[in-house]
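Let's take a friendly walk through the pockets and annotated sites of this protein.

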There are 2 protein chains.
Amino acid sequence: MSEQTPLDPAAGDSADLPGGDPFGLPEGDPFGPHNLPYGVFSLAGEADGRRRVGVRLGSYVLDAGAAAAALGSPYVSLLARTTLNPLLAAGRRAWSDVRRALTAWVTVPAHREAVRPLLHPLSDVTLHLPFEVADYVDFYASEHHASNLGQMFRPDAPSPLTPNWKHLPIGYHGRSGTVVVSGTDVVRPTGQRKSPADPVPVFGPSVRLDIEAEVGFVVGASSEQGTAVPLADFREHVFGLTLLNDWSARDIQAWEYVPLGPFLGKSFATSVSAWITPLEALDSARIAPPERTHQLLPYLDDSAESAADEPGGYDLRMTVTLNGQVISEPPFSTVYWTAAQQLAHMTVNGASLRTGDLYGSGTVSGPEPGQFGSLIEMTWNGRDPLELPDGKRTFLEDGDVVTLSAWAPGPNGTKVGLGEVTGRIAAAR
Amino acid sequence: MSEQTPLDPAAGDSADLPGGDPFGLPEGDPFGPHNLPYGVFSLAGEADGRRRVGVRLGSYVLDAGAAAAALGSPYVSLLARTTLNPLLAAGRRAWSDVRRALTAWVTVPAHREAVRPLLHPLSDVTLHLPFEVADYVDFYASEHHASNLGQMFRPDAPSPLTPNWKHLPIGYHGRSGTVVVSGTDVVRPTGQRKSPADPVPVFGPSVRLDIEAEVGFVVGASSEQGTAVPLADFREHVFGLTLLNDWSARDIQAWEYVPLGPFLGKSFATSVSAWITPLEALDSARIAPPERTHQLLPYLDDSAESAADEPGGYDLRMTVTLNGQVISEPPFSTVYWTAAQQLAHMTVNGASLRTGDLYGSGTVSGPEPGQFGSLIEMTWNGRDPLELPDGKRTFLEDGDVVTLSAWAPGPNGTKVGLGEVTGRIAAAR
């Protein structure tokens, strides 16, 4: 295991220090003006705790609504708000226009002087859940992850994948009310579990608490109930993405999930980053998804898109740390089903989209052991504990801190940093 | 099959006609002053379509916010709103106080004269989804329903119920963004299906479109993430109930649901009544649930409550009509898991409740064939078609209209009517 990555917060995302020049970012800073993710913050010193839309630049956050007002921008109505939802609802053209304006404000010298007083060091702000989550759906889109679980739990099946897996992106609805922002403690869930050796179920705090390292996609523009959203309209509806940790209690889930799927094993908490990266910041990271092994039905067939300029995949290099130690580096590029396919599938039955819908990729696992996105895979269902400086781990212990971070290739050899998502396990209540 | 019940809308819920005396209800009207369910309406003649909180009295609706203002009531802040959410959030004491005030307004002669101009015939209003749905969960709480499906789909299993069924109320999250109000057309969903005879999945409109006759519970008061809500606190959190039709595409569901549960087979639409019946209106309908055959873990054990004055069950007599013909009369009293147990289970892992959370009982089926709550049970997976005046039915055809209605025992031998939920199947787009 290696030490912390440069993107780890304790090491500092960027070399500029609070109090320095917010525009004096080192060359290639992953949160430079080519990135500009959106969040919602309040100022630590303000009694009323008013929430404001912010845009991250290095280790500063720009008060975007105040900047729009100061510069007489027409986008003040989208930015001088307490959540990102109005901006999300405004649609793709507005997203482009606002991003172009923000880029100018932090790069054009005259504008820089106007907005300089509106940049706050991250150390002076509290970050909040950046949007109101409407529906939350979680997919199961990594072939390596699904195969690993199939091998563990259905060793006698003819294939580790279920027969439907290569025909549709399997997904299910999760609990949107328990989506929390990075930094929120996660209370260990309590519930029923029953191992084959138990004559009846036992009750207590989960003893197999796990992570799932995922990427979450945030829907901006809504759609009409009864009407499907085609593959090609992905970028009309999806605003951006975030890292996502779908905390999972494997023991609770194993006992409850037949026949209607995961419920309490997942619903206690899902963590997302405080920063939503707009898709436009990731144009240089777009790649073709893995080769398809089955002919897909037309509504999912992205072979034409992959050959053209809508490749569907994203090259995101993820890192998972546990108490500061890197324990895995899952490559999002290996995920079989793309976010565009997930969106097309989710709506093919006429289900509508709402502003603020969030959907997760499912656990991202690459083909190699050092690339798995969950502890159940890393430890092969507890058989092979991780060796950490503070002891062995199969599943999470109270006090453990898990952090997901990632970067993507940016323009001209730069990196685009994704906002980290971190959480500490608190003891069961 | 019998003709329409007296609660069917076409037959009129109540004998008073629009234009008559709204206070001249016949003795025992199921929507009399002992009921007073809540909804949200707009006036057909108003250009701005402003939404208002309403309370149903016979075939009239009282503009509750205007009434509160006219009478100088302190509850104007809860009632002069566009959704029920502020009232829901206010908590149990406020629910009681507001209900007491409303009862006085429609029964005390002096108040009656003040509110008379604020009563609108139902024929003059448009009814809307009465609350903003936060999370939607669907349970599987009827033993007869679960046993029927087990017999159909797992005929060789040792028991028609899965091993967990008697130990916990099985549930899963559904799509809250596609919950629609009674009267909304349901567009036939399209998707993948694959019968064992098909070499690959086929795509098209569902050919096994079904209903699920359920009761939905509406959460008012929220709870803190990380903390369980005990059985005894059910009435502190749940405001009221509604009939619910969880439309289901059996062919889509059968192909997709292993291993993560129902998704597109359900997410296209869920219909609820325009009227939310407060739990206080149903005090005379409270009964003990069916006898428990297994010792329950303490957080679900309601044997003490059942013996005391918190019995947990509700005696609701449901009727399902298809194109005006009664096809089933499911008794809610036979449902194994109570709404209080469902709430305790849903939160035992620390999942928080939000105002507007909705959870369904799952299909309500009694032990007899005339009491099943879904077509797949009524026709035994299509083997025994229903004989209707307009032809045979296994699953729903375009143009079919399904209506759920119900009543419960009220005080002094009265009936409490539940608002119906109806929907027509529109052709796939």
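## The five-residue annotation

Which residues does UniProt list for "binding site" in chain A, in an unreviewed entry, with A:Tyr140 as one of them? The record names A:Tyr140, A:Arg154, A:Gln253, A:Tyr257 and A:Thr363. Please keep in mind that the model you are viewing is predicted. Of the residues listed, A:Tyr140, A:Arg154, A:Gln253 and A:Tyr257 belong to the lining of the second largest pocket.

Two of these residues are worth a visit. A:Arg154 sits in the loop that runs between H6 and strand E7 (171-174) of chain A. With a relative accessibility of 28%, A:Arg154 is partly exposed, and its contacts beyond four places in sequence are A:Leu149, A:Pro160 and A:Thr162. A:Tyr257 is found in the loop between H8 and strand E16 (270-272) of chain A. A:Tyr257 is partly exposed too, at 26% relative accessibility. Setting aside residues up to four places away in sequence, A:Tyr257 touches A:Pro262 and also B:Pro259, a residue of chain B.

A:Asp138 is part of strand E6 (residues 136-139) of chain A and is buried, at 1% relative accessible area. Not counting residues up to four places away in sequence, its contacts include A:Glu212, A:Glu214 and A:Asp246, along with A:Ile170, A:Gly171 and A:Tyr172. A:Gly360, A:Ser361 and A:Gly362 also touch A:Asp138. A:Asp246, for its part, is placed in the loop between strand E14 (238-245) and strand E15 (248-249) of chain A. A:Asp246 is buried, with a relative accessible area of 1%. Beyond four places in sequence, A:Asp246 touches A:Asp138, A:Glu212 and A:Glu214, and its other contacts include A:Tyr136, A:Tyr172 and A:Lys266.

## The second largest pocket

The second largest pocket holds about 760 Å³ of space. Its lining has 32 residues, and those nearest the centre are A:Phe153, A:Arg250, A:Gln253, A:Ala254 and A:Tyr257. E6, helix H6 (143-153) and helix H8 (250-256) of chain A each contribute at least two lining residues; H8(A) has the largest share, with five. By class, the lining comprises 16 nonpolar, six polar and ten charged residues.

## The largest pocket

The largest pocket has a volume of about 1,100 Å³. Of its 37 lining residues, A:Glu132, A:Val133, A:Arg354, B:Glu132 and B:Val133 lie nearest the centre. Strand E5 (125-128) and strand E8 (179-181) of chain A, together with strand E5 (125-128) and strand E8 (179-181) of chain B, each give two or more residues to this lining. E8(B) gives the most, with three residues. The lining is made up of 15 nonpolar, 16 polar and six charged residues.

## Domains of chain A

Chain A divides into domain 1 (9-128) and domain 2 (136-426). Taken over C-alpha atoms, the centres of these two domains are 28 Å apart. Their contact takes 27 residues from domain 1 of chain A and 27 residues from domain 2 of chain A.

How values were computed: Residues are numbered from 1 along each chain as its sequence is written. Chains are lettered from A and ligands numbered from 1 in the order in which they are written. This is a predicted model: local features need pLDDT of at least 70, side-chain atom pairs count only at pLDDT 80 or more; totals for chains, interfaces and linings use all residues. Side-chain values use heavy atoms; hydrogens and water are left out. Helices (H or I, at least four residues) and strands (E, at least two) are DSSP runs, numbered from the N terminus. Buried means under 20% relative accessible area, exposed over 50%, partly exposed in between (1.4 Å probe, protein chains only). Contact means heavy atoms within 4.5 Å. On a 1 Å grid over the protein atoms alone, a cavity is a set of points where a 1.4 Å probe fits but cannot get out, and a pocket is an open set with protein on both sides within 12 Å along at least five of seven lines; lining residues have an atom within 4 Å of a point. Grid points are joined across faces, edges and corners, and a volume is the space filled by probe spheres set on the points. Ala, Val, Leu, Ile, Met, Phe, Trp, Tyr, Cys and Pro count as nonpolar, Asp, Glu, Lys and Arg as charged, and the others, Gly among them, as polar. Domain bounds come from an automatic or database domain assignment. UniProt positions are given in the numbering used here, feature names are shortened, and annotations may be inferred rather than shown by experiment.
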